[in-house]
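Please consult the sequence and the structure shown below while reading.

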Amino acid sequence: METREGADGPGGPEGLICASFNQDTTSLAVGTKTGYRLFSVTLVDRLDCIHESAETPDVYIVERLFSSSLVVVVSLAMPRRMNVYHFKKGTEICNYSYSNNILAVRLNRQRLIVCLEESIYIHNIKDMKLLKTLLNTPSNPTGLCALSINHSNSYLAYPGSATIGEIIIYDANNLSTVTMIPAHDSPLAAITFNASGTKLASASERGTVIRVFTVPEGTRLFEFRRGMKRYVSISSLSFSADAQFLCASSNTETVHIFKLEQHSPSREEESPTWSAYVGKMFTAASNYLPAQVSGMMNQDRAFATVRLNIFGLKNICALATIQKLPRLLVASSDGHLYIYNVDPQDGGECVLVKKHRLFHSEEDRGESEPEARASLPANQSYAATVAMPTTPPSSAALTGYSEDGV
């Protein structure tokens with residue numbers, strides 16, 4: 001769950017380069033021109049900054065492991081190097097260098113995944129040993145991938161094609177391919193697992209249809225229509241913790257929330273309303289229409305929506321339970337976190353309850369340093385490709401992987 005303005009130019013008026021929620025949506029990490037910040041998102045009225053680092057500028061990837069002290073950072077100054085820190089101790093656990101720019105990092109309690117444009121590296125997160133390198137994967141210039149946060153299965157999803165929306169499901173625990181899901185006709189734009197790793201949601205570059213599949217079988221469960229009037233760029237997909245809801249944000253002003261429920265025919269018979277009657281008529285008519293038109297009529301619409309006051313800016317969304325109530329969180333590249341109430345019974349338009357600034361304006365007036373690029377030798381050895389650690393982690397340093405609050 002992250003958004004990034006790209007390696008060629010940090011975006012946002014406040015210097016926000018990237019943002020990501022942790023695996024259980026209790027923390028928000030943001031990368032900026034001056035470093036990175038970690039926030040606690042367990043309260044509505046208060047946004048506590050639990051850590052701030054200004055040691056590494058131009059951070060375009062920052063990922064925290066649940067509520068532990070482990071954080072992974074990648075900077076535009078050295079886009080081929082991943083640094084793993086114990087932020088509470090202020091120490092570096094290890095760092096790894098790769099053969100090309102790092103596009104995404106995903107982690108759970110068992111695995112750490114590093115995605116490059118045409119390769120994926122799978123590490124054991126306990127000791128950072130490289131377990132597997134998936135070479136010559138289809139071109140993936142955005143680093144699109146998803147890792148199940150359920151470490152008992154550790155399913156990894158990534159594009160199986162650069163031209164159509166195929167999804168490869170890979171078992172990162174047993175290091176074997178599970179299945180390929182033909183999800184869309186167009187290339188993929190977004191994918192995400194639910195918390196248990198039993199469902200996978202996906203959207204294509206067209207952004208009109210969102211589909212949900214079973215994992216590992218790859219059976220289609222749901223199909224939601226985000227819109228018909230225009231193609232959009234889906235920037236994030238996220239399930240609620242109980243997988244009853246799915247939210248989707250894009251480069252438009254609307255965030256959609258879909259409800260994952262199977263419609264019961266008996267319920268419609270018990271309530272003979274006008275909408276139920278029309279629904280039956282559509283269902284009957286769809287049997288006589290071409291498959292493409294019939295499928296469009298049977299797609300479910302959004303259960304709830306949010307109208308943002310921003311348009312065209314990248315953002316990420318997540319569903320969380322905060323102070324015992326369901327909320328929608330939207331972190332935007334305008335430098336704000338928006339918190340909305342969600343009505344789980346009736347849906348409809350969500351209500352904005354709090355808007356938090358992620359920056360202090362006086363801190364953003366200084367001139368940022370120009371972006372630097374790591375100049376690596378052209379004749380790299382294969383050692384760089386298999387990601388040999390430039391600083392081998394010691395056993396003492398690896399105590400930072402525990403989640404006991406140290």
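Among contacts in the protein chain between residues at least 6 apart in sequence, what percentage joins residues at least 24 apart? The share is 47%, where contact means heavy atoms within 4.5 Å. The model is predicted: local features need pLDDT of at least 70, side-chain atom pairs count only at pLDDT 80 or more, and totals for chains, interfaces and linings use all residues. Residues are numbered from 1 along each chain as its sequence is written, and side-chain values use heavy atoms, with hydrogens and water left out.

**The chain as a whole**

- The protein chain contains four helices and 31 strands; helices (H or I, at least four residues) and strands (E, at least two) are DSSP runs, numbered from the N terminus.
- Of the 406 residues in the protein chain, 51% are buried, a term for under 20% relative accessible area, while exposed means over 50% and partly exposed lies in between (1.4 Å probe, protein chains only).
- The protein chain has an accessible surface of about 18300 Å², and carbon and sulfur atoms account for 50% of that surface; such areas come from the Shrake-Rupley method with a 1.4 Å probe, and for residues only the protein chains shown count as cover.

- Strands of a sheet pair through backbone hydrogen bonds, either parallel or antiparallel.
- Two strands are said to pair if DSSP finds at least two bridges between them.
- Strand β28 (residues 336-341) runs antiparallel to β30 and is joined to it by six bridges.
- Tyr338 stands opposite Lys355 in β30.

**A sheet of five strands**

- Another open sheet has five strands in the order β22-β23-β24-β25-β29, with mixed pairing.
- Its edges are β22 (234-239) and β29 (348-349); each has a single partner strand, so one side of each lacks a neighbour in the sheet.
- Five bridges link β22 with strand β23 (residues 245-250) in the antiparallel sense, and Phe239 stands opposite Leu246 in β23.

**A loop residue, Asp185**

- Asp185 is located in the loop between β17 (176-184) and β18 (188-193).
- Asp185 counts as exposed because its relative accessibility is 70%.
- Leaving aside neighbours within four places in sequence, Asp185 is in contact with Thr163, Ile164 and Gly165.
- Asp185 and Ile164 are 21 residues apart in sequence, yet 5.2 Å apart in space, C-alpha to C-alpha.
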